Amino acid sequence: MQAYAAGMSLARKPGLPEPGGSLADRAYDLFREGLRTGSFRPGQRLLETELAEHLGMSRTPVREAIRRLQSEGLIAHLPARGLCVAAYDAAQVDELYVMREALEGTAARLAAQHAGRPEIALLQRMLEQEAALAGEAAAEHNRRFHRALHQAAHNRYLLRSLSAISDALLLLGPTTLEAPGRAATAHAEHARIVAAIAGRDAPAAEAAARAHIAAAYEARLSMAAAEPA
C-alpha cells in the first residue's frame, strides 16, 4: 500500500471549502490540503486506486481531480514512474520567486492607488492580529493577508496570475515563517507595505512588497540548505 500520511479523510478540515460540491471537487480540495500540510510531498508517487481508497471514494471522482491537478501543474506524469506529485528544481523555484516578486509588487502598487478605505482598514486589522499568532495559525493568517492585499489591487487579471503563483507555492513545502526569526521580520515587512498603501504611496508600496518577497526567497533558500542531504 502506498504510504500516504495518516489522518486524511473526507471530514472537513480548517481552511477547506464547506462541503456541497461534487466528489471530484472534494478530492481536489483534499489533495491540495494534503500538499499544504505535507501529507503529500513533491516527487511522491501516486496510484489512482490507492488514492481512491485513501480518500474513501470511487476512482471516477479521483480521476477527475487528478486531471484537474495535472492541468494546474500540481501532479505530473513521468515516463518511468507514472503519476507523481510535481517537484521543482532550483531553477524553477528561482523563476517562481522572480514572478512572485513582480506580481506582489504590482498588487501592492495598485492597492495603494485603488484600495477603498474598508480594504485598508482590513489590512491594518490583520496586521495587528498577526503579531499574536504562531505556527499554522500564523501561516493561514499570512495567506489571508496576502489574499486581502491582492483583492485590494482591483485587477482581475492580476488575481488570476497570483492564484497560479499560490498554487505553485503549495509544492515548496513548509512556510518560510518556520525559519528562525522569519515571522517577526515578515511582520515588520507587512507593516511597511500596509503603511505605504494607507499613505497612497504606490512606489513605496511596490518596493516594500518586492523586498518582502525577496526576503521570503532568502528564507526559503536557507531552509533548503538546512535540510539533510
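Reader: Which helix supplies the largest share of the lining of the largest cavity?

Author: The largest share comes from H3, with four residues. Before going further, please note that this is a predicted model, in which local features need pLDDT of at least 70 and side-chain atom pairs count only at pLDDT 80 or more, while totals for chains, interfaces and linings use all residues. Residues are numbered from 1 along each chain as its sequence is written, and side-chain values use heavy atoms, with hydrogens and water left out.

Reader: How many cavities of 30 Å³ or more does a search of the whole structure find, and which residues line the largest cavity?

Author: On a 1 Å grid over the protein atoms alone, a cavity is a set of points where a 1.4 Å probe fits but cannot get out, whereas a pocket is an open set with protein on both sides within 12 Å along at least five of seven lines; lining residues have an atom within 4 Å of a point. Grid points are joined across faces, edges and corners, and a volume is the space filled by probe spheres set on the points. Here the search of the whole structure finds one cavity of 30 Å³ or more, and the largest cavity holds about 50 Å³ of space. Its lining consists of Ala27, Phe31, Leu51, Leu55, Val62, Ala65, Ile66 and Leu69, and helices H1 (23-37), H2 (48-55) and H3 (59-71) are the elements that each give two or more residues to it. By class (Ala, Val, Leu, Ile, Met, Phe, Trp, Tyr, Cys and Pro nonpolar; Asp, Glu, Lys and Arg charged; the others, Gly among them, polar), this lining has eight nonpolar residues, with no polar and no charged ones.

Reader: What is the volume of the largest pocket, and how do the residues of its lining divide by class?

Author: The largest pocket contains about 1200 Å³ of space, and of the 44 residues that line it, Arg36, Arg143, Arg147, Ser166 and Leu170 are the closest to its centre. H1, H4, H6, H7, H8 and H9 each give two or more residues to this lining, with H6 giving the most, 10 residues. The lining of the largest pocket divides into 15 nonpolar, 14 polar and 15 charged residues. For the second largest pocket, the volume is about 360 Å³, and the closest to its centre among its 16 lining residues are Val93, Leu172, Arg220, Ala224 and Glu227. The lining of the second largest pocket divides into 11 nonpolar, one polar and four charged residues, and its largest share, four residues, comes from H9.

Reader: How many helices and strands does the protein chain have?

Author: Helices (H or I, at least four residues) and strands (E, at least two) are DSSP runs, numbered from the N terminus. The protein chain has nine helices and two strands, running α-α-α-β-β-α-α-α-α-α-α from the N terminus on.

Reader: Which residues of the largest nonpolar core touch the most other members?

Author: In soluble globular proteins, nonpolar side chains tend to be buried together. A nonpolar core is a set of buried Ala, Val, Leu, Ile, Met, Phe, Trp, Tyr and Cys residues joined through side-chain atoms within 4.5 Å, where buried means under 20% relative accessible area, exposed over 50%, and partly exposed in between (1.4 Å probe, protein chains only). Of the 36 residues in the largest nonpolar core, Tyr97, Leu123, Leu149, Leu158, Ile193 and Ile197 touch the most other members. H4, helix H5 (117-130), H6, H7, H8 and H9 each supply at least two residues of this core, and the largest share, nine residues, comes from H4. Apart from this core lies another, of 22 residues, among them Tyr28, Ile75, Leu170 and Leu171.

Reader: Is alanine 108 buried or exposed, and which residues is it in contact with, leaving aside its neighbours within four places in sequence?

Author: Alanine 108, in helix H4 (residues 90-114), is buried, with a relative accessible area of 0%. Leaving aside neighbours within four places in sequence, alanine 108 is in contact (heavy atoms within 4.5 Å) with Leu149, Ile193, Ile197, Ala205, Glu206 and Ala209.

Reader: Where is arginine 200 placed, and what is its phi?

Author: Most residues other than glycine have a negative phi. Arginine 200, in the loop between helix H8 (182-198) and helix H9 (202-226), has a positive phi of about 60° although it is not a glycine, and it is partly exposed, with a relative accessible area of 40%. Histidine 154, also not a glycine, has a positive phi of about 55° and lies in the loop between helix H6 (135-152) and helix H7 (156-169).
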